[in-house]
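Please examine the sequence and the model shown below before reading on. The paragraphs that follow lead through its strands, cores, pocket and cavity.

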Amino acid sequence: MRWSTCADAEGTERAAVWRDDRLYLTRTTLIDLLGDDGTRLRSAAEAALRGPGVDPATVTLLPPIPRPPSVRDFMAFEEHVVTASAAIGLTVDPLWYRQPVFYFTNPAALRGANDPVPISPGSTMFDYELEVAAVVGREGADLSPAEAVEHIAGYLIFCDWSARDLQGEEMKLNLGPAKGKDSASSCGPWMLTPDELPAAAAMTATVNGTPYSSGSLDTLYWSFGEMIAYASRGTRVLPGDLIGSGTVGTGCILELSRVHGADAYPYLVPDDHVRLEVDGLGAIDARVTAGAPVRPLREGHA
């Protein structure tokens, strides 16, 4: 099943299930249908599909989970880690092969699949990241990988928009990423239940119609079960939490420009059109816009 969250002209948010190219609305939100083994989702879909369908053009598609409790973004594709490291003369720390790594990003900065994306204030090295995220379906703590898989409600395409210049500067202070990452993340247009996700889903990206990225979901080194188990260690994961995979191999300009040169793969500028696609999960189709001006914190400082 494909699940979206949409808003009507009055701004009322409702979960909707897809059948072909029509949406069938429920009476509640998608996060309210989580929390169990999927029974609520199945029952809501059966009830909605007995009603009339809605043309998607008559509603606004929001992120499937508009306000997730948390967003953890991992770095789980080996090709990306190895290639990006080698391009600047580094090798991968052996620790990466012993445990997954993630950071918390900003739930308040989530955008829908077709929403415009402003460049982070002050950035001249703005980038996309082609990812998949799992949606946690029910609460759990100290899960094993096998248990964690049973806690996944579905998957969606995810883009961690990144200001590489800001990221590089702030991480010199051994904390972050912060402002290099938290201006925008895009996801959607729907959440696909696990039974329908292709194991080897193709992942592609274009910028202004030019092919940039091409990878496959089955090249993950750390599985979503392992990522969620690690995220739950010593704490809880909650219904609606998003667990990002990190960038697939070739899945960002940072990696491509380091390997092939900045002239071949320049960073994003206003009016660039970025399209990210994953088999079964649809596409993020976003226009980059100018960012807000930087407002100095102190005179003479950024």
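**A guided reading of the model**

Helix α6 is followed by G261, whose phi is positive, near 105°. Helices (H or I, at least four residues) and strands (E, at least two) are DSSP runs, numbered from the N terminus. The model is a predicted one, in which local features need pLDDT of at least 70 and side-chain atom pairs count only at pLDDT 80 or more, while totals for chains, interfaces and linings use all residues. Residues are numbered from 1 along each chain as its sequence is written, and side-chain values use heavy atoms, with hydrogens and water left out.

Within α6 (253–260), the buried residues are I253, L254, E255, L256 and S257. Here buried means under 20% relative accessible area, exposed over 50%, and partly exposed in between (1.4 Å probe, protein chains only). What covers these residues of α6 includes α2 (78–86), β9 (126–127), α4 (164–170) and β17 (210–216). Contact is taken as heavy atoms within 4.5 Å.

Which strands pair with β1? Two strands pair if DSSP finds at least two bridges between them. Strand β2 (residues 13–19) runs antiparallel to β1 and is joined to it by 5 bridges, with A16 as the partner of S4. The hairpin of β1 and β2 has 5 residues between the strands, and G11 takes a positive phi near 90° there. Strand β4 (residues 60–62) pairs with β1 in the antiparallel sense over 3 bridges, and L62 of β4 stands opposite T5. Strand β15 (residues 191–192) is likewise antiparallel to β1, through 2 bridges, and its L192 is the bridge partner of R2.

Rolling a probe the size of a water molecule over the atoms shows where empty space is left. The search uses a 1 Å grid over the protein atoms alone: a cavity is a set of points where a 1.4 Å probe fits but cannot get out, a pocket is an open set with protein on both sides within 12 Å along at least five of seven lines, and lining residues have an atom within 4 Å of a point. Grid points are joined across faces, edges and corners, and a volume is the space filled by probe spheres set on the points. By this rule the count comes to 1 cavity of 30 Å³ or more. The largest cavity holds about 40 Å³ of space and is lined by C6, A7, D8, T12, E13, R14, L25 and V59.

The largest pocket contains about 940 Å³ of space. Of the 34 residues that line this pocket, M75, H80, V81, Q167 and M171 lie nearest its centre. Two or more lining residues come from each of β5 (71–74), α2, β6 (102–105), α4 and α6, and α2 gives the most, with 4 residues. Strands β5 and β6 pair in the antiparallel sense over 4 bridges, and F104 of β6 is the bridge partner of R72.

The nonpolar interior is described by cores, each a set of buried Ala, Val, Leu, Ile, Met, Phe, Trp, Tyr and Cys residues joined through side-chain atoms within 4.5 Å. The largest nonpolar core has 63 residues, of which Y128, L130, W161, L217, F224, L268 and L276 touch the most other members. Helix α5 gives the most to this core, with 6 residues. L217 touches F77, V132, L197, P198, A199, A201, M203 and F224, not counting residues up to four places away in sequence. A second, separate core of 22 residues includes L41, A45, C187 and L242.

Finally, an open sheet of 5 strands has the order β8-β21-β20-β16-β17, with mixed pairing. Its edge strands, β8 (117–118) and β17, each pair on one side only. Within this sheet, β16 and β20 pair in the antiparallel sense over 5 bridges, and T206 has R275 of β20 as its bridge partner.
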